Amino acid sequence: MALLAALVWLVAITALHVWMSKPGAKKRLQVGFLPITCHLTCAVAFNRLSRTGKAFDAHKFSAWPDMIEALKGGDLDVAFILAPIAIAMENQGFPAKIVLLAHRNGTALVVAKDGGIHSIAGLKGATVAIPIRYSCQMLALRRLCRQHGLSLRDLNMVELSPPDMPFALASGTIDAYIVGEPYAAQAEFDGTGRVLCQMRDAWPGFISSVVFVTQHVLKDRKEEVARLIEAFYQAGKWIEGHRSEAARIAAPFLGLPEPLIRYVLLSSSNRVSYSDLVPKPEEISNLSREMVDAGLLKRPMDGKKIIDLSWR
Amino acid sequence: MNKIEVRGLSKSYKERRKKRRSPGDCGYRHGCPVLQDLDFRIEEGSFTCFIGPSGCGKSTLFRIMAGFEKPTTGEVLVDGVPISGPSTRHIFVFQEDGLFPWMTAMENVALGAGRFSDPVEREREIRDFLDMVGLKGFENHYPHELSGGMRRRAEVARALIANPEILLMDEPFGALDFITRLQMREEMVNVHQMFDSTILFITHDIDEALQLGDRIIMLSGRPSSVKADIPLPFPHPRDLAIGEMASLRKEIYFHIGIHAAL
Amino acid sequence: MALKGLHLHPLISFGLAILAWEAAIRCLDVPAYRFPGPLAVAEAMKELALSGRLFASITASLFRVTWGFYLATCAAIPLGLVMGIYGPARAFLNPLVQFLRPISPLAWIPVALMWLGIGDRSAIFLIFLSSFFPLLVFTMSAVLSIKVTYIRVGLNFGVTGLKRYTKILLPAILPDIITGLRITLGTAWLVIVAAEMIAVKSGIGYLIIDGRNSMRMDYVVAGMIVIGIIGLALDWTISRLEMLPSVRWVRKRR
């Protein structure tokens, strides 16, 4: 009796699950992204391609390590991923290339609103959260410290998942954090944080994420991938002219509140920037040198070798 | 006619402890002697009670006679043939609950009814035996739904239905309340009269031994040997308070060091 | 009266807990983005239910738990029996099992993703791991702790061959195994949230993680409540097994 019930349950729940998660059209390109405004082009391109019926499968991740594992496991063809992670993976022999930048700027150093920190130098001894070691945010923090006569050893650096950062700041667990939008704007929005430094000022043309495409789709599905990358590129251009509309489109896709995205996109014209997204080899080379200095990489890499612009 | 012959039986257990607990304790290498050089014969169809101090090795002796354990030296012969292992020819009734708790009374008794090949006959026999021990109407009850006395009766029924040549009972009524024990005693007397089985019965209760047995074998403390062998050629029912029974009772109490029989 | 009390007490305690929750939110003036009150959560629950997302999440989670748990059961019980019965197998495998057992299923997440990719298979694998080792150990120790009397009775009545297993061994360990199943199912349900934080796009764990990422604390709390309710339901369902007539003896004995 019990066994029979157990079997019936197995069949029922399996059928129900299969029925509820109807698979989409097979063999579409698998794209991974995180719910950050840096990946806005993914949202906009998805929206536009869906209308023409030529969409891709978008996988939302909540943390970088999960996305790295998925990429390594062959579940993703295209990933919106932090540039240092892409460089490090390429360096380890992972067969993928950087084809596009996700956006520029869009990262800020945030401190507690009523805290006593009013300058970079004031960070001495403070607990500062970064998203992950292999991030441009970490490199940026390092550069900021250097510019103000500090070293990373002077602060207590912790890794924290971006969505947790505003709460951690509000609760006083951390004194500051450096992160991609909208998690910097979130603290401003909640009235708990204050932006100490925008990357557009500290590091002009700052790169956060890149579009990282695996070699096998670059080779085997050349045209399809080229169309997709072109779509991301065009989405960037379109966003620049339609920021308000872009916020409306992206909010449900990213799962972020629309007012927050609007704030990030509209508060100033270049808090985030979606133009000039074609990566320059020297930018990537420079980034790799910064990584070497930070101990994330053994020797610098040639940007030309990591970038693939065959889609243009 | 001798049914069982125990010859020079000794049993020692390997001591697991490396150190001696006390000087008098048995050593590691020599093993711990439990039974030492036991010799006795049991007559066919008799009812023999074994008494002796706690932990003296009565249960070990029974386990060897049932074939669950091997003696260190010596042997046990049944009908002149050494025991080689457990068999339905000599059924053991355990000190604690030996009924399978996941089987109904009927299914438990059916375990002993393997000798009936015809299913109809088997079921009739099972019902008869349950009826005989007063469990009519409780056939489909699980052991936990029966009282302690009923459980013992079911176990006796399970043993008897196998028609064993030897019935080994290791303190079967030890856990029962006083009244139920007296009832069970009475029933055992009937069983002895109705069945041909040779019955071996361990008890701590001297009165029980006196009332049931044809003979009492008294074992000494560890390592165990036969301390006294007392025949009880008295008819049933027995009254322990008068006559020869009363003086014998006093004598046994005296033997075990209690000077005023209670 | 006893029956009435049985149903009334949980209602009262839950009611009080909800009242305390609401009171705490109001008195401390906690903003909704920090922690939502019961009303906001009920609203979120309604929203999720009406959009069909709640049902789809529950189905996905139960699907994964069912498969992981069933596979673990099918693998662990036979292997546990072999290890319990056959000494050399135990000597050989037990150290390995004891070594692997304390490794949290969550530590396997990177490996699972690498081998099995994103999706159901990884989640099922993690549930499997969380259930397999405890069940294996439960089964093995159940076999090892069978009362020696039962084995002797079996030998005495000439129960041999396959019957030794079907009539004695299995029924004797069944209650222990059912207890093991009950505890293990609880663990499996605990692990599902973590397992679904890997990139799967469905399930209650995902609902919670997605709620966090999109700063919908009301979804997070609604998800937590659903997890609690389903956990209770699962435990109640499996506890019915302990009521089987051939198993009930253990409860009586205790």
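**Entry 1: chain B against chain C**

I began with salt bridges, and I found one between chain B and chain C. The model is a predicted one, so I treat every value here as computed. Which side chains meet in that salt bridge? They are Glu69(B) and Arg152(C), at 3.5 Å from N to O. The cut-off for a salt bridge is 4 Å, so this pair qualifies.

Next I looked up polar contacts. Chain B and chain C have six residue pairs of this kind, counting pairs with both residues at pLDDT 80 or more. I then asked which elements of chain B take part.

Together chain B and chain C bury about 2000 Å². Carbon and sulfur atoms carry 69% of that area. I noted three names on the chain B side: Phe100(B), Trp102(B) and His144(B). They supply 33% of the area that chain B buries against chain C, more than any other three residues.

**Entry 2: a helix of chain C**

I went back to Arg152(C), the partner of Glu69(B) in the salt bridge. Is Arg152(C) buried or exposed? Arg152(C) is among the buried residues of helix α7 (residues 148–156) of chain C. After α7(C) comes Gly158(C). I read its phi as positive, near 65°.

**Entry 3: chain A against chain C**

I moved to the other contact of chain C. It takes 36 residues from chain A and 31 residues from chain C. Chain A and chain C bury about 2900 Å² between them. Of this area, 67% is on carbon and sulfur atoms. His17(A), Glu69(A) and Phe167(A) supply 20% of what chain A buries against chain C, more than any other three residues.

How many salt bridges are there between chain A and chain C? I found zero. I did find four residue pairs in polar contact across this interface, with both residues at pLDDT 80 or more. Five elements are on record for the chain A side, giving two or more residues each: α1 (2–20), β2 (57–60), α3 (64–72), α6 (165–170) and α7 (183–190). α1(A) has the largest share, 10 residues. By class, the side of chain A that touches chain C divides into 20 nonpolar, nine polar and seven charged residues.

**Entry 4: chain A as a whole**

I counted elements in chain A: 14 helices and 12 strands. The chain has 312 residues, and 57% of them are buried. I also checked contacts with a separation of 6 or more in chain A. Residues 24 or more positions apart account for 78% of them.

**Entry 5: nonpolar cores**

Which residues have the most contacts inside the largest nonpolar core? They are Phe50(B), Leu61(B) and Met65(B), in a core of 154 residues. I followed Leu61(B) further. Leaving aside neighbours within four places in sequence, Leu61(B) is in contact with Leu9(B), Leu35(B), Leu38(B), Phe40(B), Phe50(B) and Leu219(B). Another core lies apart from the largest one and has 122 residues. Among them are Leu155(A), Ile178(A), Cys197(A) and Phe253(A).

Terms used. Residues are numbered from 1 along each chain as its sequence is written. Chains are lettered from A and ligands numbered from 1 in the order in which they are written. This is a predicted model: local features need pLDDT of at least 70, side-chain atom pairs count only at pLDDT 80 or more; totals for chains, interfaces and linings use all residues. Side-chain values use heavy atoms; hydrogens and water are left out. Buried area is the accessible area (1.4 Å probe) that two parts lose on being put together, summed over both. A polar contact is a pair of N or O atoms within 3.5 Å; within protein, one must be able to donate a hydrogen and the other to accept it, and residues adjacent in sequence count only if both atoms are side-chain atoms. Contact means heavy atoms within 4.5 Å. Helices (H or I, at least four residues) and strands (E, at least two) are DSSP runs, numbered from the N terminus. Ala, Val, Leu, Ile, Met, Phe, Trp, Tyr, Cys and Pro count as nonpolar, Asp, Glu, Lys and Arg as charged, and the others, Gly among them, as polar. A nonpolar core is a set of buried Ala, Val, Leu, Ile, Met, Phe, Trp, Tyr and Cys residues joined through side-chain atoms within 4.5 Å. Buried means under 20% relative accessible area, exposed over 50%, partly exposed in between (1.4 Å probe, protein chains only).
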